[in-house]
Number of protein chains: 2
Amino acid sequence: MGKTYKAAMLVIGNEILSGRTQDKNINYLANKLGEQGISFVEVRIVPDIEEKIVEALKSLKEQVDYVFTSGGIGPTHDDITSECVAKACGVAFGTHPEAFEILEAHYGKEEFNAPRRKMAMTPQGAELIPNPVSAAPGFIIDNIYVMAGVPRIMQAMVDHVVPSLAGGALVKSENVPCFYPESKIAEGLGDIQKKFPDVDIGSYPYFKDGKTGVNVVLRSSNEESLTKAKEDVEDMISSI
Amino acid sequence: MGKTYKAAMLVIGNEILSGRTQDKNINYLANKLGEQGISFVEVRIVPDIEEKIVEALKSLKEQVDYVFTSGGIGPTHDDITSECVAKACGVAFGTHPEAFEILEAHYGKEEFNAPRRKMAMTPQGAELIPNPVSAAPGFIIDNIYVMAGVPRIMQAMVDHVVPSLAGGALVKSENVPCFYPESKIAEGLGDIQKKFPDVDIGSYPYFKDGKTGVNVVLRSSNEESLTKAKEDVEDMISSI
């Protein structure tokens, strides 16, 4: 067994907490981390409040290998993420020369006003993450990956960063659909879970168009265990 | 100014963190809390791991008036939320007589097996939340509201619980669409934000079909401030 690499995400999002916007970034990152063999262990969503952002960053960066943030790196007064990351990492906050060049070239010298120059500021020592949509870069400092909140930009940044991260063995998954209610298969599933400790067995009931059923989802990086556990689940269900 | 009532949510969701499922419950709760004048200040998503659930519950229940959980109250081995809530509240965990009766009546004495009886267990002193879809109730203990993860059931439980909670003044919102890039209006917006500290002004850029724009969203429980700030934003944009 190799090391398990863990990731967490901090969504800086008043618009998610107010209900105005349905988040799409969590699911996108979850799938990309899965493809890289990185275990996604926690998400927090907090408002644009410095104390909350800094506290969450400090807590998460100690617990996992990679912390991803989304949101709050634009030019307006409510974009405070970059400065909060500097505070959480205990480093100075200032203009990043390369980001300044990129943005000045993008907007042109005359149009490169104060709010745009704000987007060239990062914690000292940050490495940039390119933004192919609107130029203003994200950045990496320590184990924190700071990305935009706009889904198209966030996704491009994830695509740029995640494939090059160190990850563990790929987790494969199998789905066994079942048309009994969950409580009919619960004991059998519990026994199979005990028999295969390296397979993560979850059961997800649904109630749709008057029908009841369960999707039994098995996940493991051990393909042999996964196959055997899946066969056991299928046998158990067909024996009911 | 009255008291500000705050809420947080803990999503117990391996299926969200694995990327298999796109969460819908956060947005539903966010909107219902907004209608009740309750400020939604944090969401955490954690896996089905006792230590993570208990730690998050202990932290959140101290910080807010209402903690909502979703997921992990079914009959299978991976459903550990109820027991974790008992641990976080420091109370015993056992069969809730009323929940036992409801479930026994629902399934019938003969079919009321061990996994189904597990769903009748709550922290001692819990008050039940009815489940109109599949009978197994949620519950309330201290300031924690424990709900199912299946969206249809979760939504019914939210609809049952939230309208009777104490809330503050309703937050109204206004949206001012703008077809300039965010960095053109950033300085003006910052000035208006300073002028109206009781209005929460957010700006949300979008990049769609080759077009760039910003939605400026103003939120406040003070209707007079909201109207004036909106007029200022409109004037500022039309003067560019």
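Okay, a bit of method to start: copies are superposed by least squares on the C-alpha atoms of residues with pLDDT of at least 70 in both. This is a predicted model, where local features need pLDDT of at least 70, side-chain atom pairs count only at pLDDT 80 or more, and totals for chains, interfaces and linings use all residues. Residues are numbered from 1 along each chain as its sequence is written, and chains are lettered from A and ligands numbered from 1 in the order in which they are written.

So, how does chain A go onto chain B? A rotation of 180° does it, with 0.0 Å of shift along the axis and an RMSD of 0.0 Å. The two copies are thus related as by a two-fold rotation axis. In chain A, the C-alpha nearest that axis belongs to A:R44, at 2.2 Å. Both copies use the same surface, too: 100% of chain A's contact residues recur in chain B.

Now the contact itself. Chain A puts in 51 residues and chain B puts in 51 residues, with residues in contact if their C-beta atoms, placed from the backbone, lie within 7 Å. On the chain A side, β10(A) gives the most, eight residues. Helices (H or I, at least four residues) and strands (E, at least two) are DSSP runs, numbered from the N terminus. That side of chain A splits into 22 nonpolar, 17 polar and 12 charged residues; nonpolar here is Ala, Val, Leu, Ile, Met, Phe, Trp, Tyr, Cys and Pro, charged is Asp, Glu, Lys and Arg, and polar is the others, Gly among them.

β2(A) pairs with β2 of chain B, residues 38-46, antiparallel over three bridges (pairing takes at least two DSSP bridges between the strands). In β2(B), B:V43 is the bridge partner of A:I45.

How values were computed:
Two residues are in contact if their C-beta atoms, placed from the backbone, lie within 7 Å.
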